[in-house]
Amino acid sequence: MKKIIFLVFVVLLLVGCTNKPTDIKLLNEVMNSIDIPVETKENLELPKTYTIENTEIEAIWTSSDENIISTDGVVFRSNVDSYVTIDLVLKLNAETLTNS
């Protein structure tokens, strides 16, 4: 009986020692890799998903003024400089990470 209990303990210990990254770690890696310019006159690439370590992460973009920059990254130019905030929410399973 002692051998069986020891074997179960060893198996549980080995399963707990995997190096699988946590969801929040993956979200942080993706967020840190994204570079949005401070100003632009050209359309932005705002992907709907990112893939890291064979894991797909959902990206939800919002714009403080979609008449200037849409959530798809389309820039509508005018003769006047405008200020727009682009926000990003990354989602993976139950975890979310927001950046402005």
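Me: Which exposed residues sit on the face of H2 turned away from its buried side?
Reply: Asn-32 and Ser-33. Bear in mind that this is a predicted model.

Me: And which residues of H2 are buried?
Reply: Leu-26, Leu-27, Val-30 and Met-31, in a helix that covers residues 23–33. Seen down the axis of H2, those buried residues fall within an arc of 135°, so they line one face of the helix.

Me: Switching to the strands. How do E1 and E2 run, and how many bridges join them?
Reply: They run antiparallel, with four bridges. E1 is residues 49–52 and E2 is residues 55–63. Thr-51 has Glu-56 in E2 as its bridge partner.

Me: What's in the turn of that hairpin?
Reply: Two residues lie between the strands. Glu-53 in the turn has a positive phi of about 50°.

Me: How many bridges join E2 to E3?
Reply: Six, and that pair runs antiparallel. E3 spans residues 86–92. Ile-60 is bridged to Val-89 in E3.

Me: Now the largest nonpolar core. Which residues have the most contacts inside it?
Reply: Ile-57, Trp-61 and Leu-90, in a core of 19 residues.

Me: Which elements give two or more residues to it?
Reply: H2, E1, E2 and E3.

Me: Which residues is Trp-61 in contact with, leaving aside neighbours within four places in sequence?
Reply: Ile-34, Ile-36, Leu-46, Pro-47, Tyr-50, Thr-71, Ile-86, Asp-87 and Leu-88.

Methods: Residues numbered from 1 in each chain as written. Predicted model: local features only at pLDDT ≥ 70, side-chain atom pairs only at ≥ 80, totals over all residues. Heavy atoms only, no water. Pairing = 2+ DSSP bridges. Buried < 20%, exposed > 50% of the residue type's maximum accessible area, 1.4 Å probe, protein only. Arc of directions from axis to C-beta. Core = buried A, V, L, I, M, F, W, Y, C linked by side-chain atoms within 4.5 Å. Contact = heavy atoms within 4.5 Å.
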